[in-house]
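Look over the model before reading on.

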Amino acid sequence: TTDAWNHRANLSLLLGRFDSALADYNECLKLNSRQAEAYMGRAQAEYFLGRWAEARRDAHRASQLNPMRRDAGTLVCFIYLAEGNAEAAAQAVQQSIRGDPFSDIPILCILGHVAARMAGQDNQPAQFLDTAIRQGSRKWPYPVVRYLRGKTSEAAVLRQAKDTDQLTEAHTYIGLSLMMSGRTNDARDHFEWIRKEGSPAHEE
């Protein structure tokens, strides 16, 4: 059944078995070509396998089938960043925020901030963080937003992360910020933590 194939694929994705996950998502979609969850899962597997054009296509398809998906825009941004197209990544974030009022705005704004800094844009990085602040939520990833605004320390952000997923996000964005500030050795420590301890199927 589609549920069985999708469950097996999700498990493989969680365990970092991306080739197996891809094969199982393919079988699931043969049975039901309109299952948004399977398209999104396949997009994540393709992303980790470096098949970025296919991943972007499947993420868009998942979003079309289920406009309430909050992760498609995030993944598309990561795909553009992986391809070295920071300007397109920032534009993708803007489109996601405008097009879906139910989007996970804070995490999208953090991604947009990173992308805009990488693209060398002047005012846009701060504007993304201002948008996140205006959402009013003080829940995760708000500590990351405060760090990127220079209002708190790396150690404080890491202390507020409650699980491995949040720690992976924290190390990712701290590392990227340090790297873009020229502190490559400090950034490397955070990326090394991700490699050794981070969530295996986390988008970052």
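## H3 against H5

How close do the axes of H3 and helix H5 come, and at what angle do they cross? They come within 11 Å and cross at roughly 20°. Axes here are lines fitted to C-alpha atoms, for helices over the stretch in contact, and angles run from 0 to 180 degrees between N-to-C directions. H3 is therefore roughly parallel to H5 (angles under 35 degrees count as roughly parallel, over 145 as roughly antiparallel).

Met40, Ala43, Gln44 and Tyr47 of H3 meet Ala72, Leu75, Phe78, Ile79 and Ala82 of H5 (contact means heavy atoms within 4.5 Å). The contact holds eight nonpolar residues, one polar and no charged. Ala, Val, Leu, Ile, Met, Phe, Trp, Tyr, Cys and Pro count as nonpolar, Asp, Glu, Lys and Arg as charged, and the others, Gly among them, as polar.

## Basis of the model

The model is predicted: local features need pLDDT of at least 70, side-chain atom pairs count only at pLDDT 80 or more, and totals for chains, interfaces and linings use all residues. Residues are numbered from 1 along each chain as its sequence is written, and side-chain values use heavy atoms, with hydrogens and water left out. Helices (H or I, at least four residues) are DSSP runs, numbered from the N terminus.

## H2 against H3

The axes of H2 and H3 come within 9 Å and cross at roughly 150°. The two helices are therefore roughly antiparallel. On the H2 side, the contact includes Phe18, Ala21, Leu22 and Tyr25. On the H3 side, Ala38, Tyr39, Gly41 and Arg42 are among the residues involved. This contact divides into ten nonpolar, two polar and two charged residues.

Glutamine 35 sits in the loop between helix H2 (18-31) and helix H3 (36-48). At 13% relative accessibility, glutamine 35 is buried (under 20% relative accessible area, 1.4 Å probe, protein chains only). Leaving out residues up to four places away in sequence, glutamine 35 touches Thr2, Asp3, Asn6, Cys28, Leu29 and Leu65.

Aspartate 24 lies in helix H2. Its relative accessible area is 5%, so aspartate 24 is buried.

## Core and cis bond

The largest nonpolar core has 58 residues (buried Ala, Val, Leu, Ile, Met, Phe, Trp, Tyr and Cys joined through side-chain atoms within 4.5 Å). Helix H7 (residues 105-118) gives the most to this core, with nine residues.

A cis peptide bond joins tryptophan 140 and proline 141, with omega about 15°. Proline 141 is in the loop between helix H8 (124-134) and helix H9 (142-148).

Conventions:
Buried means under 20% relative accessible area, exposed over 50%, partly exposed in between (1.4 Å probe, protein chains only). Angles under 35 degrees count as roughly parallel, over 145 as roughly antiparallel, 65 to 115 as roughly perpendicular and the rest as oblique.
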